[in-house]
Amino acid sequence: MAPQTRRMTFPNVVIERDTDSEPSSSDEEEEEEEVEEEEEKVVENKNEERMEEPLEAKKKGKTPITISLKKVCKVCKKVGHEAGFKGATYIDCPMKPCFLCKMPGHTTMACPHRVATEHGVIPAPRRNTRNPLEYVFERQFRPGVLRIKPAFVIPDEVTCAVIRYHSRRITCLEFHPTSNNVLLSGDKKGQVGVWDFGKVHEKMVYGHIHSCIVNNMRFNPTNDDSVYAASSDGTISCTDLETGISLSLMNLNPDGWQGPSSWRMLYGMDINSEKSLVLVADNFGFLYMVDTRSNNKIGEAILIHKKGSKVVGLHCNPVQPELLLSCGNDHFARIWDLRRMEAGSSLYDLAHKRVVNSAYFSPLSGSKILTTSQDNRLRIWDSIFGDLDSPSREIVHSHDFNRHLTPFKAEWDPKDPSESLVVIGRYISENYNGAALHPIDFIDISTGQLVAEVMDPNITTITPVNKLHPRDDVLASGSSRSLFIWRPKKSELVEQKVERKIVICDRAEKKQSRKYGNKSDDSDDDKFTSKGKKLKSNKPEWKLTRCSGKVKR
């Protein structure tokens, strides 16, 4: 007997298209509208022919399903227009101000800050003061600062890289304090990578240290082979880089997952070498202290920011370690005195309009403050002894990112004696020979001028994590899951002999991720080469090699 199948009647599907869309200026969009109109006519004819079917379905109690294909803006969630990137062009929402400078009256493409970063920035004045603290500072530190500002050295050429090194996006970078060619990197999955970029192929990934995002790493000031890391799993680890053995110093979630309301994550971290303290802060606004000599937590947690807000950054002053700078999601950066840490006892509160991604003292004198805020502003205070009610300068820069990116942070150049050069990645892409690239910007914060923008046609992903070497002219960049090393471009004769070594590590990780079912949720484009049009470049091509074995654990 032949098998019988039950006949099922599926509901009708009616497609609604957007007929109120705004006219486009480009010819391509006009052609697309004509095609849409023709499709609408075909759909209307089909609906007229099948008008009886929905009526019969209504009689039987079945209503047709309507699918709407109207344009919906991702910014204001309203119908009739779209906003966002089309290639390298950013289209603003007509209901919102300029995406770059957050001011109404113009679009992002016509924003004056996009053409010149120093637009509206007042250079640092040479002012006299009778403040006794600043007088002492001038006597002690100014003699060591060069009177003539030296020329900036910009690393603008990729010399080596590891492609798809991590299984998730990179979240933090740290150079080894004594070995110039060793770079540490943490990722979203909790892995810590150790890479010797002098030998390129010597690398290792420790995947058992943390279970989720590594937000910060710092080396032990008394032991160069051990590194401290703070993670979103609520633990602080101390890892021996030679053996890979990790020790948990503090666990804020000893009972495991009890819900989002009680789960504590560690973000900001720094080390006070004078007091032998590891300072960490969580997502509820509290500060914790761990003694590096006993590897135990000391004291009680101190509320340093608004309760329930993340404290994403901590930095001890390099000259006066008693001064602590913190920043968080409560739109404030605060200066504290570690000798009297109490809730509400901050020395100064530096107000911002939106979330503060990072806040750092200047690396040599410790007298300046640099903050990166989500309102697309870099804010600079020239002197911690002066008026801190308002910043000395505000520089408009594109770093207002989406949720699937590591936050952008402006980093000082630790080798610059004038303490005026910073590096930061750019969010809004630029059109370079038909490709949308996201350059890395070097900005002079004393004038607001864009000193250089470095890019490579083969790097099509966004580069939010950047770190300048404390001793060499080297820039390390973390773009999605890959690491890149930049050095200053050499002369043409020497450049022909330089071989760029690029290691691709994707085979082993792909097999492993399929085995365990891991999927990356990054929105970055993880592909190494750009799609579509091939770019013509005068630079010599990179030499690509693959890892033969699995990533070491």
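Take residues 349-382: their end C-alpha atoms sit 16 Å apart, and the span is 56% strand and 0% helix (helices, H or I of at least four residues, and strands, E of at least two, are DSSP runs numbered from the N terminus). This is a predicted model, where local features need pLDDT of at least 70 and side-chain atom pairs count only at pLDDT 80 or more, while totals for chains, interfaces and linings use all residues. Residues are numbered from 1 along each chain as its sequence is written, and side-chain values use heavy atoms, with hydrogens and water left out.

- Residues 163-196 are 53% strand and 0% helix, with 14 Å between the end C-alpha atoms.

**Nonpolar cores**
- The largest nonpolar core has 20 residues, and Ile395, Phe408 and Tyr427 make the most contacts inside it.
- Strands β24 (377-381) and β27 (421-425) each put at least two residues into this core.
- Another core lies apart from it, with 18 residues, including Val162, Tyr165, Ile170 and Trp195.
- A core here is a set of buried Ala, Val, Leu, Ile, Met, Phe, Trp, Tyr and Cys residues joined through side-chain atoms within 4.5 Å.
- Buried means under 20% relative accessible area, exposed over 50%, and partly exposed in between (1.4 Å probe, protein chains only).
- Setting aside neighbours within four places in sequence, Phe408 is in contact (heavy atoms within 4.5 Å) with residues including His399, Phe401, Ile424, Tyr427 and Pro464.

**Cysteines**
- You'll find 0 disulfides in the structure, a disulfide being a pair of cysteine sulfur atoms within 2.5 Å.
- For Cys73, the closest cysteine sulfur is in Cys93, 3.7 Å away, which is too far for a bond.
- Cys73 is buried at 1% relative accessible area, and Cys160 also counts as buried, at 5%.

**Two loop residues**
- Asp416 is in the loop between β26 (411-412) and β27, yet Asp416 is buried, with a relative accessible area of 4%.
- Not counting residues up to four places away in sequence, Asp416 touches Phe152, Leu364 and Leu421.
- Ala343 belongs to the loop between β20 (332-337) and β21 (348-351), and with 55% relative accessible area Ala343 is exposed.
- Beyond neighbours within four places in sequence, Ala343 is in contact with Ile302 and Leu303.
- Ala343 and Ala301 are 42 residues apart in sequence but 9.8 Å apart in space, C-alpha to C-alpha.
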